[in-house]
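Dear colleague,

Please find below the structure that I am handing over to you. My findings follow directly after it.

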Amino acid sequence: MEEIKIKDEYIKLGQLLKLAGAADSGVHAKILIINGEVTVNGEVETRRGKKIHSQDIVSVAGYGEIKVI
């Protein structure tokens, strides 16, 4: 599980995917999310702007898990 540290209260899901390297670009992140390949805390998330907070766990098909700290 990869850990990503954020300095603000939250990060948007699309930004997190790019920061972690799970998505090459914003368009790639959008495609992953729309296709249902991303879960947040075990539930499929289809909103690119979903706010991800500390201790949330994001899973990406073909990439793995990202924990926000």
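Along its principal axes, the C-alpha trace spans about 25 × 20 × 20 Å.

This is a predicted model, in which local features need pLDDT of at least 70 and side-chain atom pairs count only at pLDDT 80 or more, while totals for chains, interfaces and linings use all residues. Residues are numbered from 1 along each chain as its sequence is written, and side-chain values use heavy atoms, with hydrogens and water left out.

Of the 69 residues, 33% count as buried (under 20% relative accessible area; exposed is over 50%, partly exposed in between, with a 1.4 Å probe and protein chains only).

The chain holds two helices and seven strands, in the sequence pattern β-β-α-α-β-β-β-β-β. Helices (H or I, at least four residues) and strands (E, at least two) are DSSP runs, numbered from the N terminus.

Five strands form an open sheet with mixed pairing, in the order β1-β7-β6-β3-β4; two strands pair if DSSP finds at least two bridges between them. β1 (2–4) and β4 (43–44) are the edge strands, each with a single partner, so one side of each lacks a neighbour in the sheet. β1 runs parallel to β7 (residues 64–68), and three bridges join the two; Ile4 has Val68 in β7 as its bridge partner.

Turning to the helices, the axes of α1 (residues 13–20) and α2 (residues 26–34) come within 9 Å and cross at roughly 115°. Axes are lines fitted to C-alpha atoms, for helices over the stretch in contact, and angles run from 0 to 180 degrees between N-to-C directions. In α1, Leu13, Gly14, Leu17 and Lys18 meet Gly26, Ala29 and Ile33 of α2, where contact means heavy atoms within 4.5 Å.

Two loop residues deserve mention. Asn41, in the loop between β3 (38–40) and β4, has a positive phi near 50° although it is not glycine, and is partly exposed at 46% relative accessible area. Gln55 lies in the loop between β5 (51–53) and β6 (57–60); its phi is also positive, near 80°, and Gln55 is partly exposed at 47% relative accessibility. Most residues other than glycine have a negative phi.

Yours sincerely
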